[in-house]
Amino acid sequence: MENSEGVKIESTVVTEEPLISALDIALFVVIITVAYFWYFKRDKQSSSSEKKPYTIQPSSLSSIEQTSNSSFIKKLKSTGRSLVVFYGSQTGTAEEFAGRIAKEGARYKMKGMVADPEECDMADLVEMKEIQKSLAIFCIATYGEGDPTDNAMDFYEWLQNGDADLEGLNYAVFGLGNKTYEHYNEIAIYIDQRLEELGATRVHEIGLGDDDANIEDDFVSWKEKLWESVCSHYGIEETGEESNIRQYKLVDCSEVLPERIFSGEISRLKSYENQRFPFDVKNPYLSKIAVNRELHKSGDRSCMHIEFDIDGSKMRYDTGDHVAVYPKNSSELVDKIGELLNADLDAVFSLLNTDEESSKKHPFPCPCTYRTALTYYLDITSNPRTHIMKELIEYASDPKDQEKLKLMASSTPEGKKEFHEWMLRDNRNIVHILEDLPSVKPDLDHLCELLPRLQCRYYSISSSPKVYPKSIHITAVLVNYTTSTNRVNKGVATNLLAQLIPTNDELPQPTIPIYIRRSQFRLPPKSQTPIIMIGPGTGLAPFRGFIQERDYARKEGREIGEMVLYFGCRKKDEDFIYENELQEYVANGTLTKLHLAFSRDQPEKKYVTHLLEQNADELWNIIGEKSGHLYVCGDARSMAKDVHSIIVKVVMEKGQMTNSQALNYVKKMEQQKRYSADVWS
């Protein structure tokens, strides 16, 4: 019935339809419109093509700007400068040192600028000789196991692979390293030697700063002698002018719209609200905390197992990589600074570089409130360096406070002793200084200029992406300790993480910014290769990922090599982390042997190094006879050094080699990536 009625209606419409329907008219209009646009667009493109030689395209302009920005020589020439200070920095210290040198250049009639080698065309070094009495200084840190910092990598490779003629280039190098690491200041030493090989002239001998001792003292001592060499080399004299000149000027931003104010983002405004892949050091991913549980069974210490949710982020990691966590300072310390300086922490401000040619317009994302700067951007918990003491002198109204600051800012033996005892030994931060020297009341904007940037914290990833592709695990000890002044200092990142506990309800889960840093700490390419892992305490973290990955391969039916783990902690019933997991891996055959050292469960302390010495045959069987791999993770100051000595001794005895041969054997293992260390001091 309905179908027959439908047919009737349709036939009626057809018989009454006009010769040209509305649909036909619409189609005709569409065809004409498309033809019109096609014709005129083609004509316009043709016309643009003809005019191309006379038009600057936006892409060309961008290219010109990039070239200009990367040419530090052009900036030096256009601004009448003769000093450029390059920095290779991972934590900000080398950049800070570079800024201090460039600033002091004015005292020696050498107007200076700071430059990031990553943003410069370093091939322009060949043109430095065109600038009269020019000087290039390099403040270069060695990172990891003898690696360049991320921003100095391209420059390092350029020196390695290039053959530029650097005759006429005058230079000096200061290295930032740590003697607890095997490759102490390796990058700075290489750059210093390579520049000379390429024809450059060394104006002053290389300085080697040791962060395990007092790198500030090392730097200041080197810097003083540097300027003596500079004066001698160029035949100039110090002007005697003070270098306490502000690098940034305060800008009132009270009228700035709220949507233009930074609130903790690392680089891009509103980046946490509008997340964009890829995620890196300047664009971290705001990850949810999926799991946060205590690993210690008892005692007064805490070790956390934390899982970051990366589902949907497109982030990928490999076993052995690190995750960087961006912390924030405690509100208690931030409020204390506002209270001590009687400042409005919610006032919006900006710091603008007084050097218009500088590529760094602000010391941190601006505009923002003082509260935001002190919470997210500035390091208010570390020991301030001597140059900050010097700049605080003018703000001290009490002569006693002035004299104390002057003494600590000086390079005299008495001044160095006072700085070491009062600042470093007593572990004072900027809050403690303002409390203990009550007449010191610096302008808050100047203090924000002086304080170093708050840095992200790196943790070894304790999971395998094969098993946990949607999350990243870390193992972190909560840092709390009492200083000699009876103050409790707290680790910035771990104390923040301890507060980020996920809930079971529908409330928003806690989040924290992270990104992945690649590592060379890798499992052997072949799953059959035997390995030895040495990781006491939280040094176990990356090996948990290693074991997970091998266990995954075993379950897939692949052959896996021997896995021997050396783990140690204080007490079995207190801080034996991941005990059940490890015992399960032993039971299913993934973990071949588990050697355990509980240092305080017996009268005489027992460490993993003692176990290594007892198992010399097993060690040599794997690293010598079977060409296996050996991994060390943990404390660099003592444990890693002791392990290295034991390995050399085992190679000597079991491999029947001389000391020199054994050292060469171990060195070759390192070069072949068969001996890897992921250590910290």
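Start at the second largest cavity, which has a volume of about 30 Å³. A cavity is a set of points, on a 1 Å grid over the protein atoms alone, where a 1.4 Å probe fits but cannot get out. Grid points are joined across faces, edges and corners, and a volume is the space filled by probe spheres set on the points. Select its lining: Asp379, Ile380, Ser382, Pro384, Ile388, Ile430, Leu451 and Pro452. Lining residues have an atom within 4 Å of a point. Six of these are nonpolar, one is polar and one is charged. Here Ala, Val, Leu, Ile, Met, Phe, Trp, Tyr, Cys and Pro count as nonpolar, Asp, Glu, Lys and Arg as charged, and the others, Gly among them, as polar.

Before moving on, note that this is a predicted model, in which local features need pLDDT of at least 70 and side-chain atom pairs count only at pLDDT 80 or more, while totals for chains, interfaces and linings use all residues. Residues are numbered from 1 along each chain as its sequence is written, and side-chain values use heavy atoms, with hydrogens and water left out.

**The largest cavity**

The whole structure has two cavities of 30 Å³ or more. The largest holds about 40 Å³ of space. Select Leu540, Arg544, Ile547, Tyr578, Glu581, Leu582 and Tyr585, which line it. Helix H17 (541-555) and helix H19 (579-587) each give two or more residues to this lining. H19 has the largest share, three residues. Helices (H or I, at least four residues) and strands (E, at least two) are DSSP runs, numbered from the N terminus. The lining divides into five nonpolar residues, no polar ones and two charged ones.

**The second largest pocket**

Next, go to the second largest pocket, with a volume of about 310 Å³. A pocket is an open set of points with protein on both sides within 12 Å along at least five of seven lines. Its lining counts 16 residues, and Tyr272, Leu286, Lys328, Tyr376 and Pro513 are the closest to its centre. Color strand E18 (residues 511-517): it gives three residues, the largest share of the lining. By type, the lining has 10 nonpolar, three polar and three charged residues.

**A three-stranded sheet**

Now show the open sheet with the order E8-E12-E13 and antiparallel pairing. Strand E8 (248-252) and strand E13 (368-369) stand at the edges, each with a single partner strand, so one side of each has no neighbour in the sheet. Two strands pair if DSSP finds at least two bridges between them. E8 and strand E12 (residues 348-353) pair over five bridges. Zoom in on leucine 250, which stands opposite leucine 351 in E12.

**Single residues**

Select threonine 538, in the loop between strand E19 (531-534) and H17. Threonine 538 counts as buried, at 19% relative accessibility. Buried means under 20% relative accessible area, exposed over 50% and partly exposed in between, with a 1.4 Å probe and protein chains only. An unreviewed UniProt entry places a "binding site" feature at positions including Thr538, Arg301 and Asp642. Such annotations may be inferred rather than shown by experiment, and feature names are shortened, with positions given in the numbering used here.

Move to leucine 612, in helix H20 (residues 608-614). Leucine 612 is buried, at 0% relative accessible area. Its C-alpha atom is separated by 7.4 Å from that of isoleucine 646, 34 residues apart along the chain.

Cysteine 120 is buried at 16%, and cysteine 231 is buried at 17%. The structure holds zero disulfides, a disulfide being a pair of cysteine sulfur atoms within 2.5 Å.
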